[in-house]
Amino acid sequence: MRLLLVPPDTRPPTLELPAALARMTGAEVRVPPARALPDFFTPGDPAALGDWLRTEAAGADALVVCLETLCLGGMIPARRVDDPLDTALARLELLRELKARHPALRIYTFGVVVRVAHDNDPHEEKPYYGEWGHELRAYSTAFDRHARHGEAERAALDDARRAVPPDILADWVGTRERNRALHLAALDLLAAGTLEHLCLTLDDTSEYGLAAYDRRLLEARADALGVWARFDTYPGADEVPCALVTRAVRHGLPPARAWVRYSGTLGASAGMIYEDRPAGELIRAHLRAAGCVPADSVGEADFVLAVNTPGQRQANVQPDLATVDTPWRHLPAFVDAVRVDLDAGRAVSLADIAYPNGAERRLWGLLQALPLARLAGYGAWNTAGNTLGSAVAFGALAGLVRDRAGHAGALFGRMVDDALYQAFVRPEVRAALGHPSPFDLGEARADAERELRARLTPRLEALWSAHFAATGLTLHTGEAHLAWPRLFTGVFPLNVREAAPKG
């Protein structure tokens, strides 16, 4: 099949990973030219993107497209630009045009409800968020509590509103309302049959807040339109391209069946930091988004989703002995069970969500006793939703892999990023630089990238030698660097190939 992919931005997990997942099954993947896509908080060019889509759609079977990139220049620019709603809706009409011209084109779309960021980030949000983030988060919570619980919450809402300058509050809420209107219009396109499937996800959400309020409005519109068979709304963001690529590639096949194996017997009830629901409900949502269903037994499953959950609740700093690394789970037994699954020939995709923003270091050490190259998938990056969405995609596509070098490259790449970099190298580099701002490295970027390469390269080579060298594949690496002027996301160019025949 031929697939067009319009990502939320150009980071490796949002662009290269979903493309690699499709290509390992034999699909041809086309992505827009760089000028049409966003660069950090600089918007892409929606007009150039529209021209590219009109040209490429004629030869495509499926399109996976981010609404924010199509209509507002990217996921992060959508929180910052002042483009009016009418402009965004006019750009959305391109999808109706493409479907009318090419009725067989399957259009899978996703959008992200504007987050209420946990950090006072002035680059991924409006610049004023760096100063007023705390007060805006308080308003968000108070607004939703009042919406749910009524006048008993009125005083708290009034206090929260008075704490924010009126012009800033109006601008921030207005941006949210514009993006919500765009998502409601996308639901109308879904009901009209223009779209094959629509995911509207919640980034960095919590139990109370404006994101939860928006979700309820979207759910109400879905009720009215009767589109739930082709619609999902749940916590997630960066991993959604992987989920929809999975749907596109598996089109016409029965749903992939997943057996979920937890690191603790109560894993399904574990709490998450950046999601509004426990692990078990989050997993059910991500399986559905990718077109998968839970298996009734491990024997009938198409893949095993092995999930390392915290004992009770995620924590940010490792090790956390209060809520994560507790007697409520048993990591050695979990690793033993994964070994049994691998020895039985089952496809196993491992999702490590005990801590956000990188692998659990203790589990990573235990996993070294397993044949890691035999895993179907691996994920341990950013939020629990990011990890789960990519791990589910790996598992659901495992039975369709045609390019084993492509699969090994995608698998190894996640281990390099999620475990070696995020869990080990990134905190070391930050400490070596004297703990610079997480939002902007400034002049320290070059030093950070030198430290990154010096610390990552020997670990990367050792991991390949220990687990992948015996596969008969060869690894070629490029120069590791940072995606943006901050330590959060690295870029690790990897090229895995079949070994050339001797003689």
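Tutor: What follows is an account of the nonpolar cores. This is a predicted model, in which local features need pLDDT of at least 70 and side-chain atom pairs count only at pLDDT 80 or more, while totals for chains, interfaces and linings use all residues. Residues are numbered from 1 along each chain as its sequence is written, and side-chain values use heavy atoms, with hydrogens and water left out.

A nonpolar core is a set of buried Ala, Val, Leu, Ile, Met, Phe, Trp, Tyr and Cys residues joined through side-chain atoms within 4.5 Å. Buried means under 20% relative accessible area, exposed over 50%, and partly exposed in between, with a 1.4 Å probe and protein chains only. In soluble globular proteins, nonpolar side chains tend to be buried together.

The largest nonpolar core here contains 50 residues, and Leu 21, Val 64, Cys 292, Phe 303 and Leu 305 have the most contacts inside it. Among the elements that give two or more residues to this core are β1 (2-6), α1 (16-23), β9 (303-308) and α13 (384-397). Helices (H or I, at least four residues) and strands (E, at least two) are DSSP runs, numbered from the N terminus. The most is given by α13, with 8 residues.

Consider Leu 305 in particular. Leaving aside neighbours within four places in sequence, Leu 305 is in contact (heavy atoms within 4.5 Å) with Trp 259, Val 260, Arg 261, Ile 283, Ser 349, Ala 351, Ala 391 and Val 392. A second, separate core has 44 residues, including Val 304, Val 335, Val 348 and Val 496.
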